[in-house]
Each structure stands twice: as structure tokens, then as C-alpha cells.
Amino acid sequence: MNQEIGLVEAKRWLFQAQEDILSAEANLREERFYMVALCAHQASEKALKALIIKTNGKMAPKIHDLRKLGELVRVPSDLIAILEMLAPAYMTSRYPDALEGEIPAEAFRADDATRLLDAAKQVVLWATNQI
């Protein structure tokens, strides 16, 4: 993939990350808090992968580890902490057996969802500014 194609592909990934933020906001209004968590993680992952694609001119690794993806694009240290806070949402928002005694639809609260959405917005904004 050349740099020009890499930028086009990166923008596609970034657009989807921004759409995931919009989906998280819609789910927040509908009080589907576990879906906010999932969309927040997905938006962050896609934004980081967009930057990897733009930087490397090739597709990002097919991993979901936000910290590892962040390290690949050298995110600032304050964002590493945000990525670590977002990371568990990948599992805990998806699988009924990921949380002891609760399913995702029951486990996430409004404050959890708001905190995760705000964190994802910071990641997406940072990646957008890099691209």
C-alpha cells in the first residue's frame, strides 16, 4: 500500500471511528450503557488503527489490545492511562460470562458509559489531529 492509498484507507477507518462515537451517543440516550462501552472501545481501536495505517502505509494488526495499538503510534502517556481504562470494555461489554454475576446489559451504569464515551472521544480526537 503506498502512502496515498494509506491515507485514503486511514480516513475510512477514522470515519468509522467517528461513526462509532455517534452510535455510542445514541446508545447513551437510549440507556443501553453496555453498548456505549462497546462502541467506545471500538471507536478508540479504529482511530488508533487509522493512524497505524496512515503512518505505516499498510493495514494495522488484527488485535484489540488498545495499549499495544497505542504504543505502536506512540500515544502520549496520558492517553496510555485512558486506553488502559477503556481496554476491559472489549470483553466485559460483549460476553455474559465476562463479569461475575452480571451480564453486560445489567452491569454498566450511566456514569460508566459517560466516562468511557468521554475517554473514547479523547482518543479519536488525538488520532484525528495526527492524521
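Is Glu84 buried, exposed or partly exposed? Glu84 has a relative accessible area of 41% and is partly exposed, where buried means under 20% relative accessible area, exposed over 50%, and partly exposed in between (1.4 Å probe, protein chains only).

The legends below concern a predicted model, in which local features need pLDDT of at least 70 and side-chain atom pairs count only at pLDDT 80 or more, while totals for chains, interfaces and linings use all residues. Residues are numbered from 1 along each chain as its sequence is written, and side-chain values use heavy atoms, with hydrogens and water left out.

**View 1. The whole chain has 7 helices and 0 strands.** Helices (H or I, at least four residues) and strands (E, at least two) are DSSP runs, numbered from the N terminus. In sequence order the pattern reads α-α-α-α-α-α-α. The C-alpha trace spans about 50 × 25 × 25 Å along its principal axes. Of the 131 residues, 44% are buried. Among contacts with a separation of 6 or more, 64% join residues 24 or more positions apart, a contact being heavy atoms within 4.5 Å.

**View 2. The surface of the chain exposes about 7,300 Å².** Carbon and sulfur atoms supply 52% of this area. Accessible areas come from the Shrake-Rupley method with a 1.4 Å probe, and for residues only the protein chains shown count as cover. The chain has 16 positive and 19 negative charges, and their mean positions are 8 Å apart. Lys and Arg count as positive and Asp and Glu as negative, without His and the chain ends; each charge is placed at NZ of Lys, CZ of Arg, CG of Asp or CD of Glu.

**View 3. Arg67, Glu71 and Glu84 are linked in a network of salt bridges.** A salt bridge is a side-chain nitrogen of Lys or Arg within 4 Å of a carboxyl oxygen of Asp or Glu, and the whole structure holds 8 of them. Glu71 meets Arg67 with an N to O distance of 2.9 Å. These two residues sit 4 residues apart in helix 3 (residues 66–72), about one turn of the helix. Arg67 also forms a salt bridge with Glu84, where the closest N and O atoms are 2.0 Å apart. That pair links distant parts of the chain, since Arg67 is in helix 3 and Glu84 in helix 4 (residues 77–86), 17 residues apart. Glu71, at 41% relative accessibility, is partly exposed. Arg67 is also partly exposed, at 34%.

**View 4. Asp112 and Arg115 form a salt bridge.** Their closest N and O atoms are 3.5 Å apart. Both residues belong to helix 7 (residues 110–130); because they are 3 residues apart there, about one helical turn separates them. Asp112 is buried, with a relative accessible area of 19%, whereas Arg115 is partly exposed at 41%.

**View 5. His41 is a buried residue of helix 2 (residues 33–56).** Its relative accessibility is 0%. Which residues does His41 contact, leaving aside its neighbours within four places in sequence? They are His64, Leu66, Leu86, Ala87, Ala89 and Tyr90.

**View 6. Asn27 is a buried residue of helix 1.** The relative accessibility of Asn27 is 16%. With neighbours within four places in sequence left aside, Asn27 is in contact with Arg32, Met35, Val36 and Cys39.

**View 7. Arg12 and Ala110 are shown with their distances to Leu69.** Arg12 lies in helix 1 (residues 3–29) and is exposed, with a relative accessible area of 54%. From C-alpha to C-alpha, Arg12 and Leu69 are 18 Å apart in space, and 57 residues apart in sequence. Ala110 is in helix 7 and is partly exposed, at 37%. Ala110 and Leu69 are 41 residues apart in sequence and 27 Å apart in space, again C-alpha to C-alpha.
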